Amino acid sequence: MLTVDALTQLAGPALCFADHNLPDKKDREVLGMWPADLFLPDPPTRESLSGIVLLISSDAAWMHDPDTLIAALRTAAALDAEALLLVPRAGHHDKQPQVLALLRRAAREAGLPLLALSRSEAAIELLEQLRHRCQREANVDTEHLEAMLTAVRHFASGPADTAGDLVAAAGASVQGTAVLVQPDGTLVGAGNRPDNSGLGGLDDLVARLRAGGPGPVSAQDESAHIQLHAAGITAPHPVLIARRPSAFNASQSRLLQHAAATLGVQHHLAALHAQHGRSEQLAERMRMNIFRQLMDSCTERAQEDAAYLLEELASCTHVQIYLLQGPRRDRDALAARCHRELGHQCLVIKCPAYVDHLIIVAPIPEVGHTQHVLHTLQTLTKSPQWRNCLLSESRAVPIARTAWAYGEALRALAAARSLPGRTATAPGTLSLTQVLTDDARQWAAQFLRPLFDLPPDQRQSVASLVGNALAFGPGEAARMASPVVHRNTAIAHRRDTAARLGVELGSLGDCAVLALALELVTFPADPPPDGPAPSLHAVLDTPACRTWAAQFLAPLDSELRRTLTQWVAADGKIGPPLSRALDLHPNTIRKYLGRCEEVIPTQLFRNRTGAFQAALALHILTELPMPDYARPARTASRAA
């Protein structure tokens, strides 16, 4: 900014102050120079002369009458002229001292700084230098204004922390610095200072503006001029503080007002965004809790809670599960996309067990189907951004069997990688539990009878937790539980249940039997009546079960079937004994088992339910012996 004082430095020795009695006027901003004869002694309009230095000719007629001169200069001061510059006419240097003395007294009375040129030619040189200086400053101002507008565009569509860019741009636009004091006292644009040193003793002024007091407010300290502007629509307001070495002009004040207004809008939007974020977090927790309740077979409670989020789920009788697997770093973006596309009709959940899985629970209306959901998800996985995602679906099941449908979709996901479109649609064959008769449910109820020693309100949740711990491991089961429990709790319940039932957790066959029983039984309030119940061998020895087992293992060639059989017999452990039995390297065994996952399709490692089904299928086809559980505890009747 060019001030009256800086003007003397711009012109060099030819220009000096003719009167040093007004030192506080030297920092006035100079925007241009105009001939005084255009305005004085009688101005044609009352247009403001702010930023203007009036050029006075030493031989102007009105200069020689003291009364007229004083009245003219007072008029100039009233119009906010910044200073007077006496320009001698060529050949009239002898009159300069007399005119200067008269003008000095009049300027002092009017309160205007007075400068004088020693030669008339210097006026042209000064005007040319002033023009170049103003042009350079205008270019700088334009750059600062563009920077501030760029910052406005960036933070209007960007995160809240881009407010710092606008604060910095606002400070640069006034050739100074700026800082924004948030309502909680934190500083934006204060560099690395952790305290409130950016306020510089302005706490009272900031508190007044924050509470809604009138503004803007101007202040001054030993090193800078200061302006404070309140931002925001309602109190408590953020406060924008700008500092610069010299006084602020009107255009700079307007720039700061615009910056403060924009920051206020951003502050309001940030508050709304934070409120929306909290609401979305609450909704996400509710969706997760509903899914966990469905996994625990707490259907009535889940549908009561779903009434607040998804009315279709609250009133449906059947559901279908879809799983999306993609890069874990992209799951949040994928979840947001799915929620935009399907959130109005489906429950979209970030899987609590697997960080790269997304779960979609699709309610099936009484009339209609979920083909639209599948089509939407397939379209999504064909897009360039998500082309590496895997997609699977379950069959439509009663809502009380959501956990089973989730397991089916999880098993199908293993086959999606090798299928066209990387999508595994609902299998056409029935599951083992669907072909079992009521005798199987009687056997399962008697087998699990010791669990009825638990309090009635804990039976189903413990059974679901143990079932998930067997399939997914205790850590994942703990995260899927409703409410969430510690991993050690899942381990303790799994160990306690195995002890009650006489099951060895290290035996894949034992775990398969326990998982089957837990899948078949939904715990009522009362235990089953005493009486004889069929044995496990009896309930599995039916034509329907043999057909299911044959279809389950049919895709395997002889080498894969031999590998799977020996692996199940080794309780799912890949070690030297299995390697010797198969005469294969452990890496080859893993490769063969991975191929089994693709062709059946199922999951043997990440989700153990596939291994459990394989064990049951091999037993049904008499390729692998399994204990005959007729009673909860191991007895002599438990023969191979």
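**Reading the terms**

Mentor: Of the 640 residues in the chain, 50% are buried. Keep in mind that this is a predicted model. Its secondary structure comes to 24 helices and 16 strands. Among contacts between residues at least 6 apart in sequence, 69% join residues at least 24 apart.

Trainee: What makes Tyr 354 and Phe 472 an aromatic pair, and what kind of pair is it?

Mentor: The two ring centres are 6.2 Å apart, and the limit for a pair is 6.5 Å. The planes of Tyr 354 and Phe 472 stand at 85°; over 60 degrees counts as edge-to-face, so the pair of Tyr 354 and Phe 472 is edge-to-face. The structure holds six aromatic pairs.

Trainee: Why is the pair of Tyr 354 and Phe 472 said to tie parts together?

Mentor: Tyr 354 lies in the loop between strand E12 (347–350) and strand E13 (357–364), while Phe 472 is in helix H15 (residues 456–472), so the pair links parts that are 118 residues apart in sequence.

Trainee: How do you know whether Tyr 354 and Phe 472 are buried or exposed?

Mentor: Buried means under 20% relative accessible area. Tyr 354 has 4% relative accessibility, so Tyr 354 counts as buried. Phe 472 has a relative accessible area of 9%, so Phe 472 is buried too.

Trainee: What kind of pair do Tyr 406 and Phe 472 form?

Mentor: Tyr 406 and Phe 472 form an edge-to-face pair, with 5.7 Å centre to centre and 65° between the planes. Tyr 406 lies in helix H12 (residues 402–416) and Phe 472 in helix H15, so this pair ties together parts that are 66 residues apart in sequence. Both Tyr 406 and Phe 472 are buried. Phe 291, Tyr 354, Tyr 406 and Phe 472 form one aromatic cluster.

Trainee: What makes Arg 244 count as lying over the face of Phe 248?

Mentor: Arg 244 is at 5.9 Å from the ring centre of Phe 248, and the distance limit is 6 Å. The charge must also be within 35 degrees of the ring normal. Arg 244 is listed as lying over the face of Phe 248.

Trainee: How do you know that Cys 338 is in no disulfide?

Mentor: The nearest cysteine sulfur to that of Cys 338 belongs to Cys 389, 8.3 Å away. A disulfide needs sulfur atoms within 2.5 Å, so Cys 338 is in none. The count for the structure comes to zero disulfides. Cys 338 is buried, with a relative accessible area of 1%. Cys 298 has 19% relative accessibility, which is under 20%, so Cys 298 also counts as buried.

Trainee: What makes E13 mostly covered?

Mentor: Eight of its eight residues are buried. In a regular strand the side chains alternate between the two faces of the sheet. On one side of E13 are His 357, Ile 359, Val 361 and Pro 363, and on the other are Leu 358, Ile 360, Ala 362 and Ile 364; all are buried.

Trainee: How do you know which strands pair with E13?

Mentor: Two strands pair if there are at least two bridges between them. Strand E11 (residues 318–325) and E13 are joined by eight bridges and run antiparallel, so they pair. E12 and E13 have four bridges, again antiparallel. Ile 360 in E13 stands opposite Tyr 322 and also opposite Val 348. E12 and E13 form a hairpin with six residues between them.

Trainee: Why are E7 and E8 called edge strands?

Mentor: Five strands form an open antiparallel sheet in the order E7-E6-E10-E9-E8. Strand E7 (187–188) and strand E8 (217–220) each pair on one side only. E8 is joined to strand E9 (residues 225–230) by four bridges, running antiparallel, and Ser 218 stands opposite Gln 227 in E9.

Trainee: Which helices lie across strands of that sheet?

Mentor: Helix H6 (residues 203–210) lies across strand E6 (177–181), E8, E9 and strand E10 (239–244), at about 25° to E9. Helix H7 (residues 250–295) lies across E6, E9 and E10, at about 35° to E9.

Notes. Residues are numbered from 1 along each chain as its sequence is written. This is a predicted model: local features need pLDDT of at least 70, side-chain atom pairs count only at pLDDT 80 or more; totals for chains, interfaces and linings use all residues. Side-chain values use heavy atoms; hydrogens and water are left out. Rings of Phe, Tyr and Trp (its six-membered ring) pair if their centres lie within 6.5 Å; planes under 30 degrees apart count as stacked, over 60 as edge-to-face and the rest as tilted. Helices (H or I, at least four residues) and strands (E, at least two) are DSSP runs, numbered from the N terminus. Buried means under 20% relative accessible area, exposed over 50%, partly exposed in between (1.4 Å probe, protein chains only). Contact means heavy atoms within 4.5 Å. Axes are lines fitted to C-alpha atoms, for helices over the stretch in contact, and angles run from 0 to 180 degrees between N-to-C directions.
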